[in-house]
Amino acid sequence: MSSSPRIAIALGASFMGYATHAGFLARLHALGVRPVAISGSSAGAITAGLYAAGLEQEVIRQAVLSPRLHLSFAMRTKWLWHQLISSFFCPHPGLFDPRGAITHFESIVGTRRIESLSNPRLLIALSDLSKHESLFVRSGPLATAMAASSCVPMLFTPLEFENRMCTDGGVAHESPIDPWFTDDDIDHIIIHRIDQPRGKPPLMPLRRLLATIAATHASMNRQILNDRIELARLHGKKLTIITTNHSRPSPFFPGRLKQCYEIGDATAKTLFDTELSNHV
């Protein structure tokens with residue numbers, strides 16, 4: 001094993017958590033941390049894709065703070081018509097048509113393919129609704145994978161990725177790390193999670209729906225995470241889990257994303273000071 005541990009970073013699923021993840025990565029990058037691999041589910045897949053594409057940190061910051069990002073997941077929706085067609089004819093209906101997100105991500109990362117990214121390597125989690133299985137995607141169109149991994153069930157209709165109908169990667173893998181257990185080029189796996197504590201029940205029906213979906217995800221992924229901790233130990237990998245806590249962002253108040261970015265930055269500084277400073 002080399003004197004400097006080879007680090008892989010997994011970014012967890014969370015509602016609009018891409019800004020928090022971006023602040024986390026930006027601080028580590030500024031401090032000289034260069035992961036050999038990065039992964040993500042849902043919001044984590046968005047930030048992981050932007051980072052792996054080699055964009056400047058300021059470009060990533062502007063992208064995740066812009067309201068155009070979350071609005072792109074609904075911009076192609078034909079109101080009422082989409083809901084009607086989706087409800088009666090789509091095997092997996094959703095309130096919004098997320099295809100506009102692919103176009104938006106392509107405007108940022110271009111037509112890059114995941115297999116072309118090597119510094120760091122990229123892994124994105126998806127859920128295949130046709131075959132009822134999880135996918136650890138390491139090839140295919142980057143923008144489509146980023147969008148598909150973020151398609152929360154019932155909220156968005158699934159997207160086609162490499163001839164598969166795919167949705168939220170966070171359904172089974174909040175922080176995708178499984179392929180790294182047998183990867184000899186990785187010594188230390190870091191999981192950055194975002195915990196968004198529940199406050200008072202939301203008043204608006206859409207926000208209550210989001211809160212219910214988030215609570216369901218949290219229940220499933222808590223147990224799955226415990227299993228991954230044991231698997232990492234059995235494979236001899238060092239595993240660090242660090243959690244950023246803040247209230248759930250709102251699509252109606254996108255200005256709060258700047259605060260989320262700064263909180264993620266502070267989390268990374270704490271991680272660096274306590275675990276990574278001696279290895280950079």
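F73 and F156 are both buried. They belong to a predicted model, in which a search of the whole structure finds three aromatic pairs.

**Aromatic residues**

- The ring centres of F73 and F156 lie 5.4 Å apart with their planes at 45 degrees, so this pair counts as tilted.
- This pair links distant parts of the chain, 83 residues apart: F73 is in the loop between α4 (67-71) and α5 (81-89), and F156 is in the loop between α7 (142-149) and β5 (159-161).
- F156 also forms a tilted aromatic pair with F96, at 6.0 Å centre to centre and 45 degrees between the planes.
- Distant parts of the chain are again linked, since F96 is in the loop between α5 and α6 (99-109), 60 residues from F156.
- F96, like F156, is buried.
- One aromatic cluster is formed by F73, F96, F105 and F156.

**Overall fold**

- The protein contains nine helices and eight strands.
- The C-alpha trace spans about 60 × 35 × 35 Å along its principal axes.
- Of the contacts between residues at least 6 apart in sequence, 75% join residues at least 24 apart.

**Burial, surface and charge**

- Buried residues account for 51% of the 280 residues.
- The accessible surface is about 13100 Å², and 55% of it belongs to carbon and sulfur atoms.
- There are 28 positive and 23 negative side chains, with the centres of the two sets 7 Å apart.

Definitions and conventions:
Residues numbered from 1 in each chain as written. Predicted model: local features only at pLDDT ≥ 70, side-chain atom pairs only at ≥ 80, totals over all residues. Heavy atoms only, no water. Helix = DSSP H or I, 4+ residues; strand = E, 2+ residues; numbered from the N terminus. Buried < 20%, exposed > 50% of the residue type's maximum accessible area, 1.4 Å probe, protein only. Contact = heavy atoms within 4.5 Å. Areas by Shrake-Rupley, 256 points an atom, 1.4 Å probe, with all protein chains shown as cover. Lys, Arg positive; Asp, Glu negative; His and termini not counted. Charge placed at Lys NZ, Arg CZ, Asp CG, Glu CD. Phe/Tyr/Trp six-rings, centres within 6.5 Å; stacked < 30°, edge-to-face > 60°.
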